[in-house]
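Please read the following note with the structure open beside you, and look up each residue as it is named. The points start from a single residue and then widen to the chain.

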Amino acid sequence: MLIGAPMLVAVAAILINGRPAALLGLPEYILFRAMRAWFTLESVLTIPINRRAKSFRQPSLSTQSDASP
């Protein structure tokens with residue numbers, strides 16, 4: 001999951017730009033993506049879910065106009 005399409009795009013961008021030495025920076029990029037995924041997962045799992053939430057009805061649209069011809 002961490003080494004997916006974004007990693008392939010990063011490698012392609014490095015190679016297309018002609019800087020193969022920049023491939024040495026990929027381990028830091030993987031670490032950054034792992035930390036970002038961890039914090040995202042943590043924030044999603046800490047969202048409180050209220051099972052007794054009220055449902056709000058949408059106002060119905062009136063087909064009759066108030067103005068008389």
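This is a predicted model: local features need pLDDT of at least 70, side-chain atom pairs count only at pLDDT 80 or more; totals for chains, interfaces and linings use all residues.

1. Which residues does isoleucine 30 touch, once its neighbours within four places in sequence are left aside? The contacts are with Ile3 and Met7. Methionine 7 and isoleucine 30 are 23 residues apart along the chain, and their C-alpha atoms are separated by 8.0 Å.

2. Two packed helices are described by the angle between their axes and the distance between the axes. Here the axes of helix H1, residues 5-16, and helix H2, residues 26-45, come within 12 Å and cross at roughly 150°. Because this angle is over 145 degrees, H1 is roughly antiparallel to H2. The crossing in which H1 passes H2 is right-handed.

3. Where the helices meet, H1 contributes Pro6, Met7, Ala10, Val11 and Ile14, while H2 contributes Leu26, Tyr29, Ile30 and Arg33.

4. For the protein chain as a whole, the secondary structure comes to two helices and zero strands. Of the 69 residues in the chain, 7% are buried. The accessible surface of the chain comes to about 6,900 Å², and carbon and sulfur atoms account for 65% of that surface.

Methods
Residues are numbered from 1 along each chain as its sequence is written. Side-chain values use heavy atoms; hydrogens and water are left out. Axes are lines fitted to C-alpha atoms, for helices over the stretch in contact, and angles run from 0 to 180 degrees between N-to-C directions. Helices (H or I, at least four residues) and strands (E, at least two) are DSSP runs, numbered from the N terminus. Angles under 35 degrees count as roughly parallel, over 145 as roughly antiparallel, 65 to 115 as roughly perpendicular and the rest as oblique. A crossing is left-handed if the near helix is turned anticlockwise from the far one by less than a right angle, and right-handed if clockwise. Contact means heavy atoms within 4.5 Å. Buried means under 20% relative accessible area, exposed over 50%, partly exposed in between (1.4 Å probe, protein chains only). Accessible areas come from the Shrake-Rupley method with a 1.4 Å probe; for residues, only the protein chains shown count as cover.
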